[in-house]
Each structure stands twice: as structure tokens, then as C-alpha cells.
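Good morning, colleagues. Please look at the display first.

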Amino acid sequence: MTRYRAIAAEIAARVRDGHLEPGTELPTVREAARIAATNPAMIARAYQYLAQHGVVVQDDRRRSRIASDAVSAAHQLLDDGRAFRLAGSDDPALQLVVAHLDPQIQIVGTRGSFPALRALARGEADGAAIHLRHRNGAYNTPFARSLLRGRCPHVLHLWRREQGLIVPPGNPLAITTPADLHGRRVARRELGAGTRVLLDQLLHDAGAVPDPTPAEFRSHLEIALAVATGVADVGLGVRAVATALDLDFVSLTWENYDVILAEAALGAAHPLVAALGEHTIRSAITDLGGYDLTTAGTIEQLDAPVTVQASPGPTSAVL
């Protein structure tokens with residue numbers, strides 16, 4: 001690695017580890033060159049490299065400060081383009097984003113919220129896309145806190161999406177509530193899928209026992225196809241697939257669809273965060289129907305990281 005990149009990587013590592021906080025002013029180029037026993041041109045190039053990657057910001061006086069979102073940027077720089085391994089639930093909008101980012105995102109494991117959590121716990125995935133309502137009423141965050149305890153859990157908010165009953169055009173059986181599913185042929189997701197969990201909760205609360213005939217299906221699109229072909233009377237799924245196949249849709253709930261991840265994976269997840277801010281991506285998701293992107297791309301840190309006290313003096317401030 002060239003010298004300037006080595007210097008930049010050392011500074012980025014101190015940002016990542018909490019030694020240099022956002023807003024901290026770095027030493028001047030000349031002072032940093034003296035500390036590092038190199039020439040000012042090398043330091044200037046290192047600072048520029050950090051600025052290009054969003055770790056620092058530079059003002060008109062040629063002073064450099066740690067950027068407000070430097071932690072995420074430092075993770076990304078140090079990961080050096082590593083693909084973000086994502087496990088998770090089936091979702092039409094997520095498929096669209098993943099296709100746009102290939103090969104920066106690598107889908108691993110089987111679909112479903114529960115398999116995604118297992119993959120994350122085993123270290124087989126960097127992030128888990130889930131939509132699970134905890135018994136306390138909160139979506140996703142309780143699972144992140146429990147599963148990633150001690151690893152500084154974060155939640156990357158993707159979107160809220162509309163779940164409901166997918167029925168044939170005209171809704172010939174007049175199905176409007178979960179209670180109406182009693183005795184009906186209900187297309188359902190496989191065990192471990194968040195949508196299957198939601199369906200089982202709705203059936204339990206309504207005291208409804210559906211006809212067990214239809215097989216389990218592995219995606220929302222397959223649920224909609226089962227209804228469209230007459231294999232099932234009704235299915236639970238997202239509005240987007242009902243719209244795509246010109247089926248009717250009875251809205252039941254809006255749910256949070258998020259990615260949970262540890263702080264160490266923030267850098268690799270940066271392309272996903274950036275994509276959620278692109279106008280073309282947001283427009284394409286909106287056009288699917290049944291998505292709310294108000295919080296898309298925002299990151300919530302659930303537990304404060306341990307504060308690391310840097311030793312005093314100008315030397316420890318940089319290298």
C-alpha cells in the first residue's frame with residue numbers, strides 16, 4: 001500500500017474505533033508531516049483521499065475535520081469494497097435494489113426473517129432484512145438488541161410496506177377480515193417467514209382455521225400466482241404483487257421492513273444506504289405500490305458504543 005493510503009487508513013481506523021470523533025480538527029499538514037516523519041505532500045494527499053471517501057471535510061483554510069458521518073465512511077474505506085452479505089425476507093422492492101447494486105450486495109442463505117436472523121447469528125451474513133413484530137409491539141429493534149448484544153447493533157430502515165389479503169378480481173368470496181379465512185384455501189408462506197408469522201397471528205386472534213390444502217410458497221409473488229391461478233382462494237402478501245397481477249387487495253396492516261446489522265458492517269452496507277437516496281430507485285419502489293419511503297436509508301444506533309479515551313497531545317490525535 002502506498003504511504004499516503006497507509007496514513008489515511010490509520011486515521012480511518014481511529015475514527016472507526018472511536019478515538020477520533022466527528023468534528024475533531026486534524027493537525028495541519030505540516031504538523032502531521034512532522035509527527036509521521038514524512039513530507040507535507042504525502043499528508044496532503046492522505047487528507048484528500050480521506051475527504052474523497054467522506055471521512056473528513058476540508059474548509060477554505062485548508063483545515064480538515066472529521067466528518068459528521070465519518071464512522072460509516074471509515075468502515076467503508078477500510079472494508080475496501082467488500083460485498084455486503086445480506087440474508088432476509090422476500091420483498092419485491094428489495095429485489096429491485098439488490099439487482100441495481102449487484103455485485104456490491106451478495107444474497108446469502110434462504111429467504112425468511114427467521115433464517116436471516118440465524119445467518120446473522122452464525123456470522124454467515126452481515127445484515128438481516130426482517131419484518132418481525134415483537135410481543136412488546138415494536139418491530140425489529142428488540143431482535144437486533146438481543147442478537148447483536150455487545151456488537152453495537154444498528155437498524156438500517158428500508159421502508160414501511162403494506163400487507164393484506166390478496167383475492168381474485170372482484171373479491172367473489174367477499175373476504176374482508178382474517179375471520180373470513182375460516183375454511184378457505186389460504187396460500188401461506190413457509191415456516192420462518194415473517195409473513196407466515198403474521199398470518200398465524202391473525203388466524204389465532206380471529207379464531208379462524210383455514211383449509212390446509214394449498215402448499216406452502218416461498219415468495220409473495222408465488223402467493224399471488226396461487227390466487228391468480230385458482231390454487232388458493234386468498235393469500236396474505238404485499239400490495240405490490242397483487243397490483244402486478246391485477247388482483248384485488250384488502251389492506252390489513254403496515255409493517256416496518258428493516259436491515260439489522262452490527263457496527264462493523266456499516267461500511268459494507270454503505271452502497272445500500274446510498275442507493276436508498278437515489279431518485280430513480282425511490283421512484284421505482286414507489287411505482288410498485290404499497291411502500292412508504294419516509295425513513296428509507298436512515299440508520300438507528302440502538303446501543304451507545306463504549307467511549308474510548310484518546311491519550312492527550314497532538315501525536316495521538318492523528319497517528
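Predicted model: local features only at pLDDT ≥ 70, side-chain atom pairs only at ≥ 80, totals over all residues.

Let us begin with C152, which is buried at a relative accessible area of 11%; here buried means under 20% relative accessible area, exposed means over 50%, and partly exposed lies in between, with a 1.4 Å probe and protein chains only. C152 sits in the loop between α7 (141-147) and β6. Helices (H or I, at least four residues) and strands (E, at least two) are DSSP runs, numbered from the N terminus. The backbone of C152 has a positive phi of about 55°, although C152 is not a glycine.

Residues are numbered from 1 along each chain as its sequence is written, and side-chain values use heavy atoms, with hydrogens and water left out.

Two further backbone features deserve mention. A174, in the loop between β6 and β7 (186-189), has a positive phi of about 50° and is not a glycine. The peptide bond from D102 to P103 is cis, with omega near 10°, and P103 belongs to the loop between α5 and β4.

I turn now to the chain overall. Its secondary structure comes to 12 helices and 12 strands. The C-alpha trace spans about 80 × 35 × 30 Å along its principal axes. Of the 319 residues in the chain, 47% are buried. Among contacts between residues at least 6 apart in sequence, 74% join residues at least 24 apart, where contact means heavy atoms within 4.5 Å.

Next, a helix pair. Two packed helices are described by the angle between their axes and the distance between the axes. At what angle do α2 and α3 pack? For helix α2 (residues 29-36) and helix α3 (residues 40-52), the angle is about 110° and the axes are 8 Å apart. The axes are lines fitted to C-alpha atoms, for helices over the stretch in contact, and angles run from 0 to 180 degrees between N-to-C directions. The two helices are therefore roughly perpendicular to each other; angles of 65 to 115 degrees count as roughly perpendicular, under 35 as roughly parallel, over 145 as roughly antiparallel, and the rest as oblique. On the α2 side the contact involves V29, R30, A32, A33 and A36, which meet P40, I43, A44 and Y47 in α3. These residues divide into 8 nonpolar, no polar and 1 charged, with Ala, Val, Leu, Ile, Met, Phe, Trp, Tyr, Cys and Pro counted as nonpolar, Asp, Glu, Lys and Arg as charged, and the others, Gly among them, as polar.

The next topic is electrostatic pairing. Side chains of opposite charge can pair when their charged atoms come close. How many salt bridges does a search of the whole structure find? The search finds 14, a salt bridge being a side-chain nitrogen of Lys or Arg within 4 Å of a carboxyl oxygen of Asp or Glu.

One of them joins E25 and R65 at 2.8 Å, N to O. This pair links distant parts of the chain, 40 residues apart, with E25 in the loop between α1 (3-16) and α2, and R65 in strand β2 (residues 64-66). E25 is partly exposed at 30%, and R65 is partly exposed at 33%. E25, R63 and R65 are linked in a network of salt bridges.

Another pair is R239 and E162, whose closest N and O atoms are 2.6 Å apart. R239 lies in helix α10 (residues 239-244) and E162 in strand β6 (residues 153-167), 77 residues apart.

Finally, consider A275, in helix α11 (residues 270-275). A275 is buried, with a relative accessible area of 0%. Neighbours within four places in sequence aside, A275 is in contact with V97, H100, L101 and I281. G277, in the loop between α11 and α12 (279-288), counts as exposed at 59%. The C-alpha atoms of G277 and G297 are separated by 6.7 Å, with the two residues 20 apart along the chain.
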